[in-house]
Amino acid sequence: MTDAVVNAEEDATKPKSKLPLIIGVVLAIAGGGGGFFAVSSGLLPFGRSAEHTEVPAAVAAPEGVDSGESAADIAQLAFIEMEPIVITLRKASGIKHLRFSAQLEVDKIHQVEVEKVLPRVVDVLNSYLRALELEDLSDPMALPRLRAQMLRRINIATGQGRVRDLLIMEFVLN
């Protein structure tokens with residue numbers, strides 16, 4: 001055989017090096033760790049800043065509140081109650097009604113602004129809920145998905161960042 005054929009056979013049987021893969025994995029882990037450190041320490045302007053305000057010991061967080069929120073953050077919240085909405089859902093087997101009521105979690109500085117546009121929020125939710133079909137509600141993950149969609153629409157109606165969360169108080173289908 002010629003030298004060219006022998007060299008080709010030797011090249012085909014050599015195992016490829018895993019060194020580039022190992023280096024890539026190590027660099028990805030180091031980059032992720034470095035990025036997490038930079039964000040959590042406040043070196044980058046994403047996430048929480050390094051400056052934390054002192055919270056008086058007399059202000060305690062209510063029970064059941066996420067430990068990621070400080071007592072000062074909780075003290076600055078307001079809840080705006082919405083009137084219940086009753087929606088008629090049609091299906092071949094008959095008519096069903098959906099009774100929906102919720103509260104909007106807002107910062108106290110935005111409470112008056114959001115209360116002024118509350119009729120617009122009710123209109124947006126009413127329009128969205130009327131567009132739903134009964135099959136949309138049968139999925140076990142329907143409520144979290146609907147909540148996210150409603151919160152997105154509420155933020156568009158009130159202005160981005162004014163409403164922190166939508167708390168569903170009643171979601172009854174009968």
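Predicted model: local features only at pLDDT ≥ 70, side-chain atom pairs only at ≥ 80, totals over all residues.
## Setting the scale

A residue is called partly exposed when its relative accessible area falls between the buried limit, under 20%, and the exposed limit, over 50%.

## R162 and its partner

R162 meets E113 through their side chains in a salt bridge, at 2.6 Å from N to O. E113 belongs to helix α4 (residues 111-116) while R162 sits in the loop between α7 and β4, so the pair ties together parts that are 49 residues apart in sequence. E113 is partly exposed too, its relative accessible area being 36%.

## Bridges between β3 and β4

The whole structure holds six salt bridges. One of them joins the side chains of E170 and R99, 3.1 Å from N to O. Here E170 is in strand β4 (residues 163-173) and R99 in strand β3 (residues 94-107), so parts 71 residues apart in sequence are tied together. E170 is partly exposed at 25% relative accessibility, and R99 is partly exposed with a relative accessible area of 36%.

Another salt bridge pairs R164 with D107, whose closest N and O atoms are 3.1 Å apart. With R164 in strand β4 and D107 in strand β3, this pair ties together parts that are 57 residues apart in sequence. A network of salt bridges links E105, D107 and R164.

Now to N155, found in helix α7 (residues 142-158). N155 counts as buried because its relative accessibility is 11%. Beyond its neighbours within four places in sequence, N155 contacts Q160, G161 and V163.

Note on methods: Residues numbered from 1 in each chain as written. Heavy atoms only, no water. Helix = DSSP H or I, 4+ residues; strand = E, 2+ residues; numbered from the N terminus. Buried < 20%, exposed > 50% of the residue type's maximum accessible area, 1.4 Å probe, protein only. Contact = heavy atoms within 4.5 Å. Salt bridge = Lys/Arg side-chain N within 4 Å of Asp/Glu carboxyl O.
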